[in-house]
Amino acid sequence: MKTSKILLGALASAIITGSMLTSCSKEESLPPIGGYNNADEVASSNLVAYWGLNGDPKEAKSGSAPTKSQNVSYSTGIKGQAANFAAGYLAYDAIASLNSLPNATISLWANVKNNGSNPSVFFTLTRPNEWAGNINLMAETGWRKAASDTLVLKGLVVTKVNGNDSWQDSRNEPTKGGVQAAKFGGTWTHIVMTWDGATSNFKIYANGVKVSNPEWELRGTTGTLNFTTPTKPIIGAWGTNISGTPDAWQVPLTGMIDEVRIWNKALSEGDISSLFQLETAGR
């Protein structure tokens, strides 16, 4: 009996090891995209937060679990599972690495279901007692229907300039034509916003391509982001939805979110394209 147990244990260990080696060798045998084997390698030294949302709401780098959540389940996503919100959200306490982001990139996948009258917020880094956070990534689904029309993607930052709040936004403008008028709604869309403190450029990308209106990308002398703290991350809602004082239009998200990543630098267009391709391929 003892010998049988030893043999069974050794066999199980061999199977697990072989499975791991097969998985690793399979990924490494695929041709790199932009020099990367998988999405985790993209600007890895600058990645400060990551939510895989593969059936687990924790932020992976800090291990932070949500302190509040509402109407969240899990469904098939871009990579494994994704968070499925039915007028729901995931709200967290402050994460130290997100309290200061002079430069920033936020990347996520969204499959938003338009409610026809209100904007849809994907991610926010809150300001105390305010609806708009220091950083907000959203879609103006009250303007255009997500399932049948162009999804207007919008980044909004509120940063301190000379002690005062400076509101800055960037978005695609469908009336400008071209890529800005492409249809992103009704399906999974890869959405990225970048803020470059050195140049004050604020850009929005969809499915690996820059879509923001160039006329609105340069934010003058705003410079690096200067946050009001403490700032707390929320996926799928505004700060006022958590504090209990929302206006009527400030509603939690109906739709799905997957693969939320935050870097403390503005990613290059090449890296954003590579990230889109890698995650599309499940890598």
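Leucine 108 makes contacts (heavy atoms within 4.5 Å) with Phe122, Phe123, Leu137, Thr189, His190, Ile191, Ile257, Asp258, Glu259 and Val260, when residues up to four places away in sequence are left out. The C-alpha atoms of leucine 108 and valine 260 are 4.4 Å apart, although 152 residues separate the two along the chain. Leucine 108 belongs to strand β4, residues 104-112, where strands are DSSP runs of E with at least two residues and helices are runs of H or I with at least four, numbered from the N terminus. With a relative accessible area of 0%, leucine 108 is buried; this term denotes a value under 20%, computed with a 1.4 Å probe and protein chains only.

The model is predicted: local features require pLDDT of at least 70 and side-chain atom pairs pLDDT 80 or more, while totals for chains, interfaces and linings use all residues. Residues are numbered from 1 along each chain as its sequence is written, and side-chain values use heavy atoms, without hydrogens and water.

The protein contains three helices and 13 strands. Of its 283 residues, 47% are buried. Among contacts with a separation of 6 or more, 68% are between residues 24 or more positions apart.

Helix α2 (residues 239-243) supplies four residues to the lining of the largest pocket, the largest share. By class, this lining has six nonpolar, six polar and five charged residues; Ala, Val, Leu, Ile, Met, Phe, Trp, Tyr, Cys and Pro count as nonpolar, Asp, Glu, Lys and Arg as charged, and the others, Gly among them, as polar. A pocket is an open set of points on a 1 Å grid over the protein atoms alone, where a 1.4 Å probe fits, with protein on both sides within 12 Å along at least five of seven lines; lining residues have an atom within 4 Å of a point.

Technical notes: Buried means under 20% relative accessible area, exposed over 50%, partly exposed in between (1.4 Å probe, protein chains only).
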